[in-house]
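Please look through the sequence and the 3D structure shown here. The paragraphs below go from single residues to the whole chain and back again.

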Amino acid sequence: MNWIKHKNLPTAEAISFNNQACISLDLLWQALHSSYNSANNRPINPNILEEVDISPHVEWPPLTQYKFIEAIAKYSNSSTSSPDHVSWSTLKLLVRDKKGLSHIIWLANACINLSYWPSHFKESTSVIIPKLQKLSYDLPKAFRPIILLNTLGKLIEKVIGHRIQHHAVANNFIHPNQLGGIHQRSTADAGTYLTHIIRAGWIKGLQTSVVTFDITQFFPLLNHDFLSACITKAGFDN
């Protein structure tokens, strides 16, 4: 068709790992696995937590209907389907039904009370997607993994995560300058805080320099044993 102009195809590059091109699925798997799970079985030093006081013990009250309705409203119906092929639109219909929602709440509270997470909720599908605007895609760090969990388990996990964050903030366990990923502490709050510091320095005739850094693959490399020790320090119920 004459209205389509010629377009150069993107250059295909093989991912390189340890100076070796990944030209087979086995080599590609080893490269991605080594990049995203390099913290596995790595020793940790929990002694640094000795400087942190143990926060007051927090009881875990039963989860409520409002939290589930609030959490599921933020999910888009067009989100990628989960391994169990239950869409968010289907789950939203179930949550609107009082009986259906009561069963979900009962299941979530039972998981907490029994300290048990069903294997169905642990099933996931990993998808590797390219990061945007990279000059080259020949290294594993130019890609990021996303994990698709079963929908119901993801919803319950979201509600539990909100509860953990609320108690951690209420216990003053999270530093007040932690502005990323915290409710009511948005990126705009970080900009306001930084602007205040800069202007306060101007009044005193000072100049402000800012050093920023990014921890590559922070969440995939998070050590679960150390995370458990942090939660214990935060005063959560076992």
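Is C111 buried or exposed? C111 is buried, because its relative accessibility is 8% and the cut-off for buried is under 20%. This value, like the others below, is computed from a predicted model. A disulfide is a covalent bond between the sulfur atoms of two cysteines. In this model the count of disulfides is zero.

Now take the chain as a whole. The protein chain has eight helices and four strands. Read from the N terminus, the order of elements is β-β-α-α-α-α-α-β-β-α-α-α. The C-alpha atoms fill a box of roughly 65 × 60 × 45 Å along the principal axes. The radius of gyration of the protein chain is 23 Å, whereas a compact globule of 238 residues would have one near 18 Å. Of the 238 residues, 25% are buried. The accessible surface amounts to about 17800 Å², and carbon and sulfur atoms account for 58% of that surface. Contacts can also be sorted by how far apart the partners lie in the sequence. Of the contacts between residues at least 6 apart in sequence, 65% join residues at least 24 apart.

N18 sits in the loop between β1 (16-17) and β2 (20-21). Its phi is positive, about 55°, although N18 is not a glycine. N18 counts as exposed because its relative accessible area is 65%, and the cut-off for exposed is over 50%. A further residue with a positive phi is H85, at about 65°, and H85 is not a glycine either. H85 belongs to the loop between α2 and α3 (88-96). With a relative accessibility of 65%, H85 is therefore exposed.

S38 is found in the loop between α1 (25-36) and α2 (65-72). What does S38 touch, leaving aside its neighbours within four places in sequence? The contacts of S38 are H33 and L221. S38 is partly exposed, because its relative accessibility is 29%, and partly exposed covers the values between the cut-offs for buried and exposed.

How many salt bridges does the structure hold? The structure holds one. This salt bridge is formed by the side chains of K67 and E70, with 3.8 Å from N to O. The two residues are three apart in helix α2, so about one helical turn separates them. K67 is partly exposed, because its relative accessible area is 34%. E70 is also partly exposed, because its relative accessible area is 27%.

Further along, I164 lies in helix α6, which covers residues 151-170. Apart from its neighbours within four places in sequence, I164 is in contact with W60 and F236. The relative accessibility of I164 is 30%, so I164 counts as partly exposed. A distance in sequence and a distance in space can be set side by side for I164 and R199. These two residues are 35 residues apart in sequence, and their C-alpha atoms are 35 Å apart in space.

The last stop is on the surface. Which residues form a nonpolar patch there? The patch is made of F213, I215, F218 and F219. Together these residues have about 520 Å² of accessible area. One of them, F218, is in the loop between α7 (187-203) and α8 (224-233). F218 counts as partly exposed because its relative accessibility is 39%.

C111 is buried at 8%, F218 is partly exposed at 39%, and N18 is exposed at 65%. These residues can each be found in the structure by number.

Methods:
Residues numbered from 1 in each chain as written. Predicted model: local features only at pLDDT ≥ 70, side-chain atom pairs only at ≥ 80, totals over all residues. Heavy atoms only, no water. Patch = residues over 30% accessible without salt bridge, like charges linked within 9 Å, V, L, I, M, F, W, Y side chains within 5 Å. Areas by Shrake-Rupley, 256 points an atom, 1.4 Å probe, with all protein chains shown as cover. Salt bridge = Lys/Arg side-chain N within 4 Å of Asp/Glu carboxyl O. Buried < 20%, exposed > 50% of the residue type's maximum accessible area, 1.4 Å probe, protein only. Disulfide = S-S within 2.5 Å. Rg over C-alpha atoms; globule rule 2.2 N^0.38 Å. Contact = heavy atoms within 4.5 Å.
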